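Welcome! Here is a short briefing to read alongside the sequence and the 3D view.

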Amino acid sequence: MTENQTLTVRDNRTGEEYEIPILDGTIRAGDVGQIGRTDDEPGLAVYDPGFTNTASTRSAVTYIDGDRGILEYRGYPIEQLAEKSTYLEVAYLLIHGELPTKEQHDQWVHEITFHTFVHENLKSQLQGFRYDAHPMGMLLSSVGALSTFYPEARNIKDPDIRHEQIVRLIAKMPTLGAWSFRHAQGKPYVYPDNDLTYTENFLSMLFKMSEQKYDPDPRLAKALEVLFILHADHEQNCSTNAVRSVGSSQVDPYSAVSAGIAALYGPLHGGANEAVLKMLKRIGTVEKVPDFIEGVKNGDEKLMGFGHRVYKNYDPRATIIKKAVDDVFEVTGVNPLLKIAVELEKIALEDEYFVSRKLYPNVDFYSGLIYEALQFPPEMFTVLFAIPRTSGWLAQWLELVDDKEQKIARPKQIYTGGRQLDFVAASERWA
Ligand code: ACO
């Protein structure tokens, strides 16, 4: 540690000074805890609801520079991965930390492909849901239920057992997601077709009807591949934090991942693209865009799909998705809402209100349009997010399990309730 890599803190309550080491641009909460500590009083703590400025871990999985609009998985720029890689290769990269050799890749794809089937009892469990069950609720509970089929999964210290569960989870997520989709339509569940690629097989399980073999459109399979790559990881967001927090109790990975799915279910995390679609439908025509923008500037509305907690420049994923929109619409026909979206973006990017607040389109601005063109109902949007995010959750979970510095997640609180109250039995209070 160099001499100036410290923080000198003077506690004005006592006049005492403390020198706290700075490492990697952070100070340790434990060092802050020395400030003002006495035999009777705990030391100073940090209050940070929502962890907006608290690092919970060291991680080598995903790098984001929000000011410059940079997103990298294991050091590789998202733009290059989206253009030249496949989802399964990216999943390998996230999980193993480096790109696979040809043998490693083939073995990985083989393993994932041959674990796509789920136990028939799980099918019965899904069939037990009401006809209008939300697919995300079905996915959440069926992934949690997987832990009961593989009880050895709780042995998280064994690398071979861990590997097997990772393969199973990545392999079975599309099957469970597709079956949740078919359930709502009252259509029979389609078994996996292991001759197809990961995204082709997913399309088959979603859309196959009476044909002997489903023939997926390669342009749609490729667009899904790109969307899956873009959603594979995004460092310490709400759902990843949920996986890590639950995983810190050393529970099996199925239970930890189902916690991630639960977090993603919430509208503040996985639901923004649905809100974008609703907004576009409400605007209705290109002519009404300027009025809508005025409403946003007056504070009456929010421009959904714009702005991001981390990206204060263009969200790099939005640029890539915009290209995928064209590929999908070539197959499905143009969604008329696209014109409204393009006009909104054009006006907003030139308008002082949005420019000064660094509000740019985020990943959700265009993804809903693609999903709708592919005939997914809005309830499926978060399922389409959870399937690829599984590899990121698992990469982060693996890092957690091997990290000697990690402990069970147990934040502090500032207690605001009553103290030392005398309890009077109900029979006396109500007498
Ligand atoms: N439309 C209009 N104004 C906005 C928007 C927006 N979408 N987003 C932020 N602003 C304004 C705020 O009103 C605020 O203005 P002020 O300084 O005059 O008060 C300023 O920009 C800063 O906004 P904050 O809310 O402080 O930014 P924060 O980083 O907390 O919020 C968020 C980020 C939640 C994403 C926000 O931009 C938003 O609500 N966007 C719309 C929802 C959305 O698209 N969410 C998806 C995010 S991507 C994802 O989760 C995968």
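Predicted model: local features only at pLDDT ≥ 70, side-chain atom pairs only at ≥ 80, totals over all residues.

The chain holds 19 helices and five strands, and 38% of its 431 residues are buried.

**The chain as a whole**

- The chain has a radius of gyration of 24 Å, close to the 22 Å that the globule rule gives for 431 residues, so the chain is as compact as a globular protein of that length.
- If you follow the C-alpha trace along its principal axes, the chain spans about 75 × 70 × 55 Å.
- Take the contacts in the chain with a separation of 6 or more: 71% of them join residues 24 or more positions apart.
- The chain is divided into domain 1, residues 1-46, and domain 2, residues 64-229.
- The centres of domain 1 and domain 2, taken over C-alpha atoms, are separated by 46 Å.

- H308 sits in the loop between α13 (289-297) and α14 (316-332).
- Why does H308 count as buried? H308 has 22 C-beta neighbours inside 10 Å, and a residue is buried if 20 or more other C-beta atoms lie within 10 Å of its own.
- Leaving aside residues up to four places away in sequence, H308 touches D315 and N362.
- D364 belongs to helix α17, which covers residues 364-373.
- D364 is buried because 25 other C-beta atoms lie within 10 Å.
- Again leaving aside residues up to four places away in sequence, D364 touches A272, N273, V276 and G305.

**Helix α2 and its residue L81**

- L81 is part of helix α2, residues 78-84.
- Is L81 buried or exposed? With 23 C-beta neighbours inside 10 Å, L81 is buried.
- L81 touches Y73, Y76, V90 and I229, when residues up to four places away in sequence are not counted.
- For a look across the chain, find L81 and K297: they are 216 residues apart in sequence, and their C-alpha atoms are 37 Å apart in space.

**Helix α3 and what comes after**

- How many of the 10 residues of helix α3 (residues 87-96) are buried? Eight of them are, so this helix is mostly covered.
- The buried residues of α3 are Y87, L88, V90, A91, Y92, L93, L94 and I95.
- Just after α3 you will find G97, which takes a positive phi of about 90 degrees.

Definitions and conventions
Residues numbered from 1 in each chain as written. Helix = DSSP H or I, 4+ residues; strand = E, 2+ residues; numbered from the N terminus. Buried ≥ 20, exposed ≤ 12 C-beta atoms within 10 Å, placed from the backbone. Contact = placed C-beta atoms within 7 Å. Domains from an automatic or database assignment. Rg over C-alpha atoms; globule rule 2.2 N^0.38 Å.
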